[in-house]
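This report looks at one protein chain, moving from single residues to the groups that they form. Please keep the sequence and the structure in view while reading.

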Amino acid sequence: TAAGAIAGDGSSKFYIYFKPNTYTLTYSTGAGSWVGSADSAPATQFGKTISALPVNTTNVTRSGYELVGWTTRQTVTVSGESVTVNTATGQKALDLFDLIKDGGTYFSAGSSYTMPKADTTLYAVWKPLMTTYSIYQYGVREDGQVTLLQQLESRQAYTDTVVYATADDKTYPGYGYNATYHDDEVDASRAHDTIDHVTVGADGLSRISLFFNAKPDTPYTIY
């Protein structure tokens with residue numbers, strides 16, 4: 001409460017000071033994890049400029065993904081489907097990023113941010129990393145014996161996207177491609193079915209397995 005004597009000559013001055021309200025700024029990592037010692041929901045004064053928003057690996061982490069920024073939008077419509085921003089995977093995560101990266105609700109990781117006059121949640125925007133996957137070619141003899149013909153050169157694709165074997169992958173000299181091969185034998189040491197496409201996992205262990213039947217009278221080598 002302002003108080004004091006008022007001078008008769010009109011020279012009295014009273015000063016009123018206002019303290020900015022404090023609100024909660026919540027960082028929602030979704031499919032990621034908050035790491036480090038920083039607070040994931042700090043109390044922040046209205047109008048305060050945060051010099052650097054949380055960045056990848058230092059503050060947050062997600063296997064197979066990179067934190068590229070933050071947004072005030074919880075969901076984004078991608079190809080007619082409502083997608084939750086901080087849990088988006090694979091191609092939807094890539095499409096989502098392209099849709100929001102140039103908008104006023106997106107803020108790059110490490111950039112500045114000014115606190116509005118309300119409790120606010122910033123949702124992590126994740127972009128999948130390139131991850132390795134493998135392609136194996138197996139030969140099936142007339143007696144049913146299966147041998148590894150070769151492992152093709154490892155390839156890369158974005159985490160959680162679907163990749164397919166090419167037409168060239170489905171050829172091998174002296175063998176014919178068997179698109180429907182299946183082996184009921186219980187043997188954990190080898191693949192049992194032709195798998196010509198796979199969703200690339202973050203662990204880099206995803207594999208495509210292609211089976212080929214030996215053509216009659218074709219020489220073959222057992223390794």
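Leaving aside its neighbours within four places in sequence, with which residues is Gln137 in contact? The model in which we look for the reply is a predicted one.

## Gln137 and its surroundings

Gln137 has its place in strand 12, which covers residues 130-140. Leaving aside neighbours within four places in sequence, Gln137 is in contact with Thr147, Leu148, Leu149, Gln150, Leu152, Asp169, Thr171, Tyr172, Leu210 and Phe212.

One of these residues, Gln150, also takes part in a polar contact, in which its side chain and the side chain of Gln137 are 2.7 Å apart. Gln137 counts as buried, because its relative accessibility is 1% and the cut-off for that word is under 20%.

In soluble globular proteins, nonpolar side chains tend to be buried together.

Not counting residues up to four places away in sequence, Val125 touches Glu66, Leu67, Val68, Gly69, Trp70, Thr71, Val85, Leu96, Phe97, Ile100 and Tyr106. The C-alpha atom of Val125 is separated by 49 Å from that of Gly144, although these two residues are 19 residues apart along the chain.

When neighbours within four places in sequence are left aside, Leu25 is in contact with Ser40, Ala41, Pro42, Thr44, Ile50, Tyr113, Met115, Thr120 and Leu122. Thr44, which is one of these partners, lies in strand 3 (residues 43-45). A polar atom of the Thr44 side chain lies 3.3 Å from the backbone oxygen of Pro42, and Thr44 is buried, with a relative accessible area of 5%.

Which residues line the largest pocket? They are Leu25, Tyr27, Trp34, Ala38, Asp39, Pro42, Thr44, Ile50, Ala52, Leu53, Pro54 and Asn59. The volume of this pocket is about 150 Å³, and its lining has nine nonpolar, two polar and one charged residues.

## Two loop residues with a positive phi

Thr57 is not a glycine, and yet it has a positive phi of about 70 degrees. The place of Thr57 is in the loop between strand 4 (49-50) and strand 5 (60-61). Thr57 is exposed, because its relative accessible area is 55% and the cut-off for exposed is over 50%.

Ser79, which is not a glycine either, has a positive phi of about 50 degrees. This residue is found in the loop between strand 7 and strand 8 (81-84), and Ser79 is exposed, with a relative accessible area of 74%.

Notes
Residues numbered from 1 in each chain as written. Predicted model: local features only at pLDDT ≥ 70, side-chain atom pairs only at ≥ 80, totals over all residues. Heavy atoms only, no water. Contact = heavy atoms within 4.5 Å. Helix = DSSP H or I, 4+ residues; strand = E, 2+ residues; numbered from the N terminus. Buried < 20%, exposed > 50% of the residue type's maximum accessible area, 1.4 Å probe, protein only. Polar contact = N/O pair within 3.5 Å; in protein donor to acceptor, adjacent residues only side chain to side chain. 1 Å grid on protein atoms, 1.4 Å probe; cavity = no way out; pocket = protein on both sides within 12 Å on 5 of 7 lines; lining within 4 Å. Points joined across faces, edges and corners; volume = space filled by probe spheres on them. Nonpolar A, V, L, I, M, F, W, Y, C, P; charged D, E, K, R; others polar.
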